[in-house]
Amino acid sequence: MLNALHGLIGWAPLGLPAFVFVVTVVVFFHELGHFSVARFFNVTVDTFSIGFGRPVAQWVDKKSTRWKIGWLPLGGYVKFLGDENAASQHDRELYERLPPELRANTLQGKPLYQRVLIVAAGPFANFILTIVIFTFIFMIVGPATLLTTVGQVMPKSPAAIAGLRTGDTITSVNGHAVATFDDLVLTVRAAKAGDLAIEYTRHGSSQIAHLHAGSVATSNLYGDHIHYTGIGIGALLADSNARFTPAGPLAAVGLASQETVGIMQTSLTYLWRIVTGQSGANQLSGTVGIANASKQAASAGFTSLFQLIALISVSIGLINLFPVPILDGGHLLYYGCEAILGRPLGERAQDVGFRLGLALVLGLFVLAAWNDLTRLNLF
């Protein structure tokens with residue numbers, strides 16, 4: 001228990017600043033999306049806040065928007081004229097008291113299509129941020145191609161029985177040279193007979209292991225137990241075992257877009273599997289998980305830290321599009337109902353939806369926090 005608690009607070013010296021930086025960047029660009037489109041359509045913005053609670057810093061710009069930084073860096077919000085709270089619930093009584101010229105500058109006073117664009121701008125700002133970060137990484141560093149140094153040998157696998165170890169570098173399979181881990185996988189799968197002569201180097205010495213590919217048990221990306229035919233090794237996930245080839249600007253944008261879409265597809269697939277009972281929810285992570293990941297990424301360098309920002313940014317953008325009242329997607333759901341009905345949903349219906357959405361979000365927050373603490377062996 002004491003060791004686990006030490007692990008929980010151990011990220012503070014480096015992890016806390018990294019965590020605050022990661023969350024602040026992601027939240028700022030999300031709210032900047034709402035803010036920028038709202039200003040474009042002449043919606044009056046009362047408050048632009050990064051963090052919650054009492055402000056540690058604040059100022060007012062020339063358009064009377066109060067910018068503030070709250071002491072609790074766990075989110076942020078943009079509050080428009082006529083909003084009841086930070087979740088942009090409409091304050092009907094305040095709206096009715098406003099003079100007509102000011103009503104025109106509220107979110108609710110704008111045409112439906114403008115409200116949709118303002119709400120959707122936050123998540124899409126996150127997607128754009130992700131693509132921009134990945135683009136610069138692919139231009140400066142380049143996408144990584146894993147080489148053939150072994151990072152993991154699964155217990156009782158063919159590779160383990162044959163004596164392969166972490167740190168060995170495989171050079172050929174049945175006499176066919178392999179330069180990348182993908183080459184290695186394809187060559188092993190193509191060996192129809194199943195008998196393999198694996199040539200590798202260990203501490204500069206060349207050796208050969210004779211083995212037979214077999215059924216290997218492992219877990220996939222979604223935490224499911226699966227079996228595949230192979231030898232039971234994983235690549236070393238380190239820069240020393242990767243080849244980087246910087247891409248040109250256009251190619252980098254294309255690769256960054258593919259990477260962003262891939263993350264979105266993986267996230268949606270996992271959530272669908274949770275809903276349909278195909279996967280457990282034990283891989284969901286919360287504040288502590290992000291803090292620990294921030295510490296590890298900061299320790300690895302700026303590239304890793306910005307990769308984490310990109311990953312969290314696309315995840316936050318995607319989650320905010322879910323049709324859950326209190327999230328941006330919930331507002332878009334209400335606007336969709338308004339478009340169909342020809343009028344806004346009733347105040348009571350919106351209030352009930354808001355309460356249900358808040359309960360769902362809080363439940364997911366508690367579940368994610370429980371998962372984080374369980375990983376630290378606190379329970």
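Arg115 sits over the face of Tyr335, 5.2 Å from the ring centre; a charge is counted as over a ring if NZ of Lys or CZ of Arg is within 6 Å of the ring centre and within 35 degrees of the ring normal. The side chain of Arg115 also meets that of Glu338 in a salt bridge, at 2.9 Å from N to O. The term salt bridge stands for a side-chain nitrogen of Lys or Arg within 4 Å of a carboxyl oxygen of Asp or Glu. Arg115 belongs to helix 5 and Glu338 to helix 11 (residues 328-341), so this pair ties together parts that are 223 residues apart in sequence. Helices (H or I, at least four residues) and strands (E, at least two) are DSSP runs, numbered from the N terminus. Both Arg115 and Glu338 are buried, where buried means under 20% relative accessible area, exposed over 50%, and partly exposed in between (1.4 Å probe, protein chains only).

These descriptions rest on a predicted model, in which local features need pLDDT of at least 70 and side-chain atom pairs count only at pLDDT 80 or more, while totals for chains, interfaces and linings use all residues. Residues are numbered from 1 along each chain as its sequence is written, and side-chain values use heavy atoms, with hydrogens and water left out.

The predictor's confidence in each residue, pLDDT, runs from 0 to 100. The chain averages a pLDDT of 81, and 79% of the residues score at least 70. Where pLDDT is low, the predicted coordinates should not be read in detail.

Salt bridges come next. Side chains of opposite charge can pair when their charged atoms come close. The whole structure contains four salt bridges. One of them joins Asp61 to Arg39, with the closest N and O atoms 2.9 Å apart. Asp61 lies in the loop between strand 1 and strand 2 and Arg39 in helix 2, so the pair ties together parts that are 22 residues apart in sequence. Arg39 is partly exposed, at 22% relative accessible area.

Another salt bridge brings together the side chains of Asp168 and Arg202, at 2.8 Å from N to O. This pair links distant parts of the chain, with Asp168 in the loop between helix 6 and strand 5 (169-173) and Arg202 in strand 7, 34 residues apart. Asp168 is buried, with a relative accessible area of 1%, and Arg202 is buried too, with a value of 13%. Strand 7 itself covers residues 195-202. Leaving aside neighbours within four places in sequence, Arg202 is in contact with Gly163, Leu164, Arg165, Asp168 and Gln207.

A pair of aromatic rings is described by the distance of the centres and the angle of the planes. The structure holds 12 aromatic pairs; rings of Phe, Tyr and Trp (its six-membered ring) pair if their centres lie within 6.5 Å, and planes under 30 degrees apart count as stacked, over 60 as edge-to-face and the rest as tilted. Among them, Phe35 and Phe48 are edge-to-face, 5.6 Å centre to centre with 80° between the planes. Phe35 lies in helix 2 (residues 12-40) and Phe48 in strand 1 (residues 45-60), so the pair ties together parts that are 13 residues apart in sequence. Both Phe35 and Phe48 are buried. Phe52 and Tyr77, in turn, are stacked, with 6.0 Å between centres and 15° between the planes. Here Phe52 in strand 1 is linked to Tyr77 in strand 2 (residues 66-80), 25 residues apart. Phe52 is partly exposed at 31% relative accessible area, whereas Tyr77 is buried at 13%. One aromatic cluster is formed by Phe28, Phe29, Phe35, Phe48, Trp59 and Trp67.

Finally, two loop residues deserve a look at the backbone. Lys156, in the loop between strand 4 (150-153) and helix 6 (158-162), has a phi near 65°, a positive value in a residue other than glycine. Lys156 is exposed, at 79% relative accessibility. His203 is found in the loop between strand 7 and strand 8 (205-212), and its phi, near 55°, is likewise positive in a residue other than glycine. His203 is exposed as well, at 81% relative accessibility.

Technical notes
Contact means heavy atoms within 4.5 Å.
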